[in-house]
Amino acid sequence: MKNTEILLTIKLQQALFIDPKRVRLLKEIQQCGSINQAAKNAKVSYKSAWDHLEAMNKISPRPLLERNTGGKNGGGTALTTYAERLLQLYDLLERTQEHAFHILQDESVPLDSLLTATARFSLQSSARNQFFGRVAQQRIIDSRCVVDVNVQGLPTPLQVSITTKSSARLKLITEKEVMLMFKAPWVKISEQPLGNQSNQFPVNIKSLNEEEAILQFAESDIEFCATVHQPNQWKIGQQVWIHIDQEQIILATLG
């Protein structure tokens, strides 16, 4: 959708704290170090600029401006570290809002999943295999936390082995939404299942080249990407088994 304008406004104590006009004013002060010049650059009167700054400072948790004395230009006004971080946060929120609006155009992205939407439009990863699921259960095995994750379309949960500290840091609980990532070289292909190991699935080879294979789970649209070292060993349409080691799956979630 072209020519879309999203204006972000932040309120504190039910009063306007920051909006695009005030952001412009702060950025001009950051650039020139003078309220008077910043007002001219922002095309507002000095009184209007001062009223905006006074209103912001009145409700701000920390000071936004500090006076500089001396120096080449005989002193001036500078932003505090808090004000500079406020501008960075505002820019970040604007980009987030823009991403969120673009999600509306992609009907494949569920709008009831913050993690899915955020990852789809914001996260860039070298891991070719990315799935979303929910925590089914956790248990401690050999001092490691094994997390079972239900992924829609797979008959059994994917098992992920992480440290107990990682489990605590991720605040994993039953039904929490998580993202699983693993690289193509970590997907092992075999003609037969490897004993009674976890994370094994029968798949069909959908496409194949000298470097990788796309493998589709027969009963759903789920696809895996695997690195192949001997492409002549396999052929398109062949049914094979894949295996992913528990410790080679990266688990991610929102706070």
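The legends below accompany close-up views of a predicted model.

**View 1. Helix α1 meets helix α3.**
Two packed helices are described by the angle between their axes and the distance between the axes. Here, helix α1 (residues 20–32) and helix α3 (residues 46–59) pack at an angle of about 100°, and their axes lie 11 Å apart. Angles of 65 to 115 degrees count as roughly perpendicular, and α1 and α3 are therefore roughly perpendicular to each other. To find the contact, look for R22, L25, L26 and I29 on α1, and for A49, H52, L53, A55 and M56 on α3. Of these contact residues, seven are nonpolar, one is polar and one is charged.

Strands of a sheet pair through backbone hydrogen bonds, either parallel or antiparallel. In this view the pairing is antiparallel, and the five strands follow the order β9-β13-β10-β11-β12. Which strands stand at the edges? They are β9 (187–190) and β12 (223–227); each has a single partner strand, so one side of each is left without a neighbour in the sheet. On average, neighbouring strands of this sheet are turned by 45° against each other, direction ignored.

Strand β13 (residues 239–244) runs antiparallel to β9, and four bridges join the two. A handy pair to look for is I189, which stands opposite I242 in β13.

**View 2. Strand β5 and its partners β8 and β6.**
Strand β5 (residues 129–141) pairs with strand β8 (residues 177–182) in the antiparallel sense over six bridges. How many residues lie between the strands in the hairpin of β5 and β6? There are two, and D142 in this hairpin takes a positive phi near 55°.

**View 3. Strands β3 and β4, with buried residues.**
Strand β3 (residues 65–68) and β4 run antiparallel and are joined by four bridges. L65 stands opposite L79 in β4. Follow strand β4 (residues 76–79) and see where its residues point: G76 and A78 go one way, while T77 and L79 go the other way. Are these four residues of β4 buried or exposed? All of them are buried.

Conventions: Residues numbered from 1 in each chain as written. Predicted model: local features only at pLDDT ≥ 70, side-chain atom pairs only at ≥ 80, totals over all residues. Heavy atoms only, no water. Axes fitted to C-alpha atoms, helices over the stretch in contact; angles between N-to-C directions. Parallel < 35°, antiparallel > 145°, perpendicular 65-115°, else oblique. Contact = heavy atoms within 4.5 Å. Nonpolar A, V, L, I, M, F, W, Y, C, P; charged D, E, K, R; others polar. Pairing = 2+ DSSP bridges. Buried < 20%, exposed > 50% of the residue type's maximum accessible area, 1.4 Å probe, protein only.
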